[in-house]
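Please look at the sequence and the model below, and then follow the explanation one element at a time.

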Amino acid sequence: MNRVVIKIGSRVLTEDGEICFRRLRALVDLIAEIHITHEVILVSSGAVASGHTRLPNLDNRTTANKQALSAIGQAMMINRYQQQFDDYNITVAQILLAQDDLNSLSHSHNAKQAIETLLQNNVIPIINENDTIVTDELLRGDNDVLAANVTNFVSADELVILSDIDGYYDLNPKEHSNATILKVVHHLSDEELNAEMTPGDKFATGGIVTKLKAAEILLKSNKTMFLASGFDLKGIRNYFFDIDNAIGTLFVNKDVL
Ligand code: ADP
């Protein structure tokens with residue numbers, strides 16, 4: 001069975017500062033379908049935004065407040081996922097990781113074993129940055145990079161990133177109406193990887209650059225990454241079930257194709 005990591009951005013999961021149940025439901029429906037033929041691991045953002053719905057007056061710009069909101073929001077997110085996946089008799093498991101955990105031998109061995117056990121038992125692990133104790137990733141929005149590292153860590157075949165944008169464009173599509181989507185990317189330049197961050201809203205922290213950094217990690221390990229819309233799930237649906245009509249950007253080495 002192919003193993004896939006699916007990363008869901010905070011913009012996809014929230015709308016006007018609230019959790020967007022409609023989109024969460026649509027995602028769960030699709031993931032349950034993918035889960036029939038794939039081992040699925042989710043990397044889900046959205047904890048800070050979820051927590052903010054409970055404490056809307058707390059300034060979500062300071063690190064300490066973000067961490068507090070995240071502590072509230074993590075539990076809310078996992079509960080919501082479980083409620084929705086219950087309709088499919090699918091159990092989810094929460095794993096909070098710091099990048100350091102992936103590097104530390106003793107921690108990583110234990111985490112790997114736990115994830116293997118979950119997958120063998122048809123459970124969907126939902127991984128997020130342990131925001132309450134980690135600060136640098138929270139500020140940099142590195143769930144994209146975390147997702148790429150997780151993909152390598154669990155020896156998954158590929159990573160799918162669901163974003164508020166339906167792919168990687170030759171120009172920022174929010175600023176250039178003539179921007180065109182790049183369907184396949186084999187190589188990323190230093191200039192692209194070091195461009196300024198362009199997050200789409202106040203809860204999105206990375207922007208396209210952290211997605212490109214994630215893609216670079218996977219290109220280097222001869223794995224693929226597919227960037228697609230989390231708003232219109234046709235792109236990712238077709239990627240799994242009707243590849244010729246997939247909408248998104250596939251990052252892949254020439255020799256893997
Ligand atoms: P998410 O919260 O889903 O992780 P982000 O808002 O962090 O998403 O990043 C995606 C945003 O990056 C897009 O909505 C767009 O505004 C911006 N962006 C800048 N340049 C590009 C580009 N060349 N192609 C696609 N998106 C771009």
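**From the sheet to a buried lysine**

The model is a predicted one, in which local features need pLDDT of at least 70 and side-chain atom pairs count only at pLDDT 80 or more, while totals for chains, interfaces and linings use all residues. Residues are numbered from 1 along each chain as its sequence is written, and side-chain values use heavy atoms, with hydrogens and water left out.

Strands here are DSSP runs of E with at least two residues, helices are runs of H or I with at least four, and both are numbered from the N terminus; two strands pair if DSSP finds at least two bridges between them. Strand 1 runs parallel to strand 4 (residues 38-44), to which seven bridges join it, and it also pairs in the parallel sense with strand 7 (residues 158-163) over five bridges, where Lys7 stands opposite Ile161. Because six of the seven residues of strand 1 (residues 2-8) are buried, this strand is largely enclosed by the rest of the structure; buried means under 20% relative accessible area, exposed means over 50%, and partly exposed lies in between, for a 1.4 Å probe and protein chains only.

Strand 4 is also joined by two bridges to strand 6 (residues 124-129), again in parallel, and there Leu42 stands opposite Ile126. In total, eight strands form an open sheet of mixed pairing in the order 5-6-4-1-7-9-10-8, with strand 5 (92-97) and strand 8 (184-185) as the edge strands, each pairing on one side only.

A nonpolar core is a set of buried Ala, Val, Leu, Ile, Met, Phe, Trp, Tyr and Cys residues joined through side-chain atoms within 4.5 Å, and the largest one has 34 residues, with Ile6, Ile8, Leu42 and Tyr81 making the most contacts inside it. Helix 2 (residues 21-37) gives the most to this core, with seven residues.

The side chain of Lys223 does, however, reach the backbone oxygen of Ala156 at 2.8 Å.

Methods
Polar contact = N/O pair within 3.5 Å; in protein donor to acceptor, adjacent residues only side chain to side chain.
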